Amino acid sequence: MEAAVVSVSHGAIGFVIAKLGDLLAGKYKLLKQAKGKIMFLKAELESMPAFLERMSEAEEEPDKQAKCWANEVRDLSYDIEDSVDEFMLLVEGESNGESHGFKGFIHRSMNLLTTMNTRQKVAKEFQGLKSRVMEVSERRMRYKIDDAVSKPNNTTIDIRMLALYADTSGLVGIDGLRDELIHLMVGEEGVSAQQRKVLSIVGFGGLGKTTLANQIYHRLKWQYECQAFVSVSQKPNIRMILRRMLSQVGYVALEGTNMEIWAEDELISALRQFLMDKRYLIVIDDIWDETTWNVIRCALPKNLDGSMIITTTRINTVARACCCNQHDYVYKMKSLSNEDSRKLFFNRVFGSEEACPLYLEEVSAQILKRCAGLPLAIVTISSLLASEQNTLKENWVHIKNSLGPNFEVNPTLEGMRQILSLSYINLPHYLKTCMLYLGMYPEDYIIWKNDLVRQWIAQGFVSKVHGQYPEAIAEGY
């Protein structure tokens with residue numbers, strides 16, 4: 001049975017449902033009216049987690065009404081948990097304090113009235129909670145919150161496009177890495193015939209995976225008869241991706257053929273047959289799951305013409321699947337070094353490192369520390385600073401402060417927020433909760449793993465798995 005775990009999307013609903021079940025199990029003596037209210041609360045709460053989970057997984061940000069409703073449900077779950085805990089504590093205290101014999105009889109008789117008052121108070125409290133739950137449920141129906149969450153918003157701009165058309169003169173720390181990976185894939189012979197190879201570049205959003213793959217692609221594509229560069233994304237349209245690949249590799253359909261109506265198997269068959277005897281270079285950018293890769297790879301034949309496939313992904317298991325678990329061909333992206341970070345930052349703002357005024361050295365170092373070697377962050381912030389009309393230190397301090405919890409209020413940083421938010425949204429619910437818990441620590445605070453593990457367990461963030469200790473599961477998190 002799945003453990004009840006506190007999550008960022010559900011609040012304490014999982015815990016509360018389990019505790020309400022305990023109250024109904026018969027161990028606790030409840031008044032009849034309280035029992036009915038608890039059964040109602042349990043049934044209502046069991047219907048809410050699925051919707052909250054769907055809301056937390058949505059790529060588009062829910063509207064204010066939906067977010068207010070979700071916050072109300074979470075607060076309600078914590079209030080119910082507090083009431084249940086208080087009641088359980090009172091009952092446990094009564095049972096533990098019981099005495100035997102004549103003295104015990106007198107003690108129980110004296111407490112009977114108090115106990116009855118306590119249970120009546122609990123019943124009244126659960127009546128209030130029932131009313132609140134009914135109001136929350138009615139509000140969800142009244143404002144059609146389910147529809148608000150389901151309604152797609154297609155106004156988001158794909159930030160990856162910027163990486164495909166980046167000015168190569170502004171790139172830093174990529175030439176050596178590009179050449180190293182090219183040598184790994186084609187060797188010194190360059191154009192020698194060999195089996196098809198797959199290189200997978202893996203790392204979280206903003207590290208420059210697309211930029212690196214694009215640089216390799218443009219350096220090598222002239223050596224291949226057919227080339228294509230396609231992006232997959234989190235919710236891929238496989239048919240559209242296959243059609244784009246066919247178009248880019250040079251496939252020409254017979255006159256009068258409408259490829260728009262072709263099914264996936266027809267597109268795969270056409271692409272596979274066209275590439276069978278050709279040397280091809282294909283880049284498949286931003287793969288989110290193994291299933292998508294398994295479909296696309298069916299269209300890419302394993303020939304002996306020295307063909308190459310490059311994939312990028314944020315997920316290690318997907319990277320290994322692309323390379324058939326050949327770990328030598330999985331490259332894990334690293335953050336920029338301090339030297340390359342400074343070079344990229346100052347080249348964008350001033351044209352060179354030497355041109356930075358002395359009075360901006362300290363705040364620049366603080367900004368770079370917050371960027372943590374993330375190319376997307378460095379490029380975004382340096383571009384913002386370069387566009388400023390003046391170089392007052394106060395303006396730079398303001399930008400530095402905007403990189404904290406409130407950086408989303410600056411619309412210039414929206415692209416970075418989108419990419420990092422997508423990384424967060426893709427986390428499982430239990431990891432979202434664990435990650436947000438880190439927000440309780442002050443900035444630059446050293447977080448000790450063992451302390452964190454114990455805190456996660458104490459807060460109920462760790463699921464119970466048969467045969468495993470909670471500490472081991474938390475370390476896996």
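Predicted model: local features only at pLDDT ≥ 70, side-chain atom pairs only at ≥ 80, totals over all residues.
Residues are numbered from 1 along each chain as its sequence is written, and side-chain values use heavy atoms, leaving out hydrogens and water.

Let's start with H15, residues 361–371, where Val363, Ser364, Ile367, Leu368 and Cys371 are buried. These residues cover an arc of only 140° around the axis, so they sit on the same side of H15. The arc is taken from the directions from the helix axis to the C-beta atoms. Buried means under 20% relative accessible area, exposed over 50%, and partly exposed in between, with a 1.4 Å probe and protein chains only. Helices here are DSSP runs (H or I, at least four residues), and strands are E runs of at least two, numbered from the N terminus. The cover over the buried residues includes helices H14 (338–349), H16 (375–387) and H17 (393–402). Glu362 and Lys369 are exposed on the face turned away from that buried side. Just after H15, Ala372 has a positive phi of about 55°.

Next, Asn303, in the loop between helix H12 (290–297) and strand S4 (308–313). Is Asn303 buried or exposed? Asn303 is buried, at 6% relative accessible area.

Finally, Ile447 lies in the loop between helices H19 (429–437) and H20 (449–459). Ile447 is partly exposed, with a relative accessible area of 34%. Thanks, everyone!

Definitions and conventions. Contact = heavy atoms within 4.5 Å.
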